[in-house]
Amino acid sequence: MYANSLQRTVATAQFLTIGAFAGYDIPIHHKYSIENMDPIFDPSLRDDSPEFKYAVLHDIKEANKATNIFENLAPAYQILSDILDYKHSKLYAEYQCNLAKIPSQLYFKKHEEPALLGPLAIGTSVVDAFLLQYYSAFPKEQIAWGRLTSQEQWQQIITIRNQYIRLVFQSKTLAKHSATLIVNMISDLIQRDNKVNLLVGHDSTIAALLGALDFKDYQLPNQFETTPIGGKVTLQRFRHLPTDKYFFKAEYIYQSFEQLHSGQALDANNPPQHYQLHLNNASVNSDGYYDWLDFEKRMKPFITK
């Protein structure tokens, strides 16, 4: 059990082991003093050269060109504008334009987390605040001053957050940059005899890992977020005894949007959600498994040892 050296990640590991392995004294490992980020889980930049920044901007431009990200978010920004009464805000007084039209800028500084400033960052901060209210079981009529009244509205505004994570943490160049250390750790852990290895990080950790290892885009059933709070990605290796061949399967295990709001305990009658994640440019067999080599070869370019 290895966690980032933050109070909340260490606590998450502790509670998970207490629940899953009750009665066993399983130590939680973390490398640094509490509230100091472990580089394995830290999305901060180790390189802010003009060349690297250009590659990141190119990824963002190509992603937008492929799916019209910024244009398609206009209805979601309008929902936030109405909720926030944006036209009477200091922000509107400063920019004199729709929320969606506020200029965007990539914040890119070594040893700091990258950020896509502008409407995406503003919208993500607002959506995070509303999600915290929802997941804290606020009465629905009190969330966002009672102005979020439908699941369709939630789905639209959460798309802002999903796209921010996709562009800032999951795009090809930044994902490979951020995920190198954790891919090395996963590769090392696979060589050991442990039945279960648990790494506790952040939504940015999951986004970078899935982007770096070239997983397909996905939509989690019964959940609007692509990286919901408390979610876990399981990377599973299976051995086929008759052939001694290894196979791979990945799943996202998470709580539904409503489960997170209600706070009901998970059990056999109220189980967590499971969703199989798929790899780009690889095929599953008739049982839904990938050849282990298809996964292993994705890790090899990252291995530094």
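Predicted model: local features only at pLDDT ≥ 70, side-chain atom pairs only at ≥ 80, totals over all residues.
Residues are numbered from 1 along each chain as its sequence is written, and side-chain values use heavy atoms, with hydrogens and water left out.

Let me stay with Glu-225 for a moment. The side chain of Glu-225 also makes a polar contact with the side chain of Arg-161, at 3.0 Å. Glu-225 itself is found in the loop between H9 and strand S5, the strand that covers 232–240; helices here are DSSP runs of H or I with at least four residues, strands are runs of E with at least two, and both are numbered from the N terminus. Is Glu-225 buried or exposed? At 2% relative accessibility, Glu-225 counts as buried, because buried means under 20% relative accessible area, with exposed being over 50% and partly exposed in between, using a 1.4 Å probe and protein chains only. If we set aside residues up to four places away in sequence, Glu-225 touches Leu-131, Tyr-135, Ile-158, Arg-161, Asn-162 and Leu-220, contact meaning heavy atoms within 4.5 Å.

Arg-161 turns up again when we come to the salt bridges. A salt bridge is a side-chain nitrogen of Lys or Arg within 4 Å of a carboxyl oxygen of Asp or Glu, and by this rule the count comes to 11 salt bridges. Arg-161 is buried, with a relative accessible area of 10%, whereas Asp-203 is partly exposed, at 27%.

Another salt bridge joins Lys-297 to Asp-294, with the closest N and O atoms 3.6 Å apart. Both of these residues lie in helix H11, residues 292–299, and they are 3 residues apart, about one turn of the helix.

Now to the domains. The domain assignment gives domain 1 as 2–45 + 179–302 and domain 2 as 68–170, the bounds coming from an automatic or database domain assignment. The C-alpha centres of domain 1 and domain 2 lie 27 Å apart, and the contact takes 20 residues from domain 1 and 23 residues from domain 2.

The size of an interface is often given as the accessible area lost when the parts come together. Here the area buried between domain 1 and domain 2 is about 2000 Å², of which carbon and sulfur atoms give 60%; buried area is the accessible area, with a 1.4 Å probe, that two parts lose on being put together, summed over both. Leu-45, Phe-224 and His-261 supply 37% of the area that domain 1 buries against domain 2, more than any other three residues.

Between domain 1 and domain 2 the count is 3 salt bridges, and there are 10 residue pairs in polar contact, both residues being at pLDDT 80 or more. On the side of domain 1 that touches domain 2, helix H9 (203–212) and helix H10 (257–262) each supply at least two residues, and the largest share, 6 residues, comes from H9. By class, that side of domain 1 has 9 nonpolar, 7 polar and 4 charged residues, where Ala, Val, Leu, Ile, Met, Phe, Trp, Tyr, Cys and Pro count as nonpolar, Asp, Glu, Lys and Arg as charged, and the others, Gly among them, as polar.

I will finish with Pro-272, which lies in the loop between H10 and strand S7, 273–277. Pro-272 is partly exposed, with a relative accessible area of 27%. Leaving aside its neighbours within four places in sequence, Pro-272 is in contact with Ile-253, Tyr-254, Gln-259 and Leu-266.

Conventions. Polar contact = N/O pair within 3.5 Å; in protein donor to acceptor, adjacent residues only side chain to side chain.
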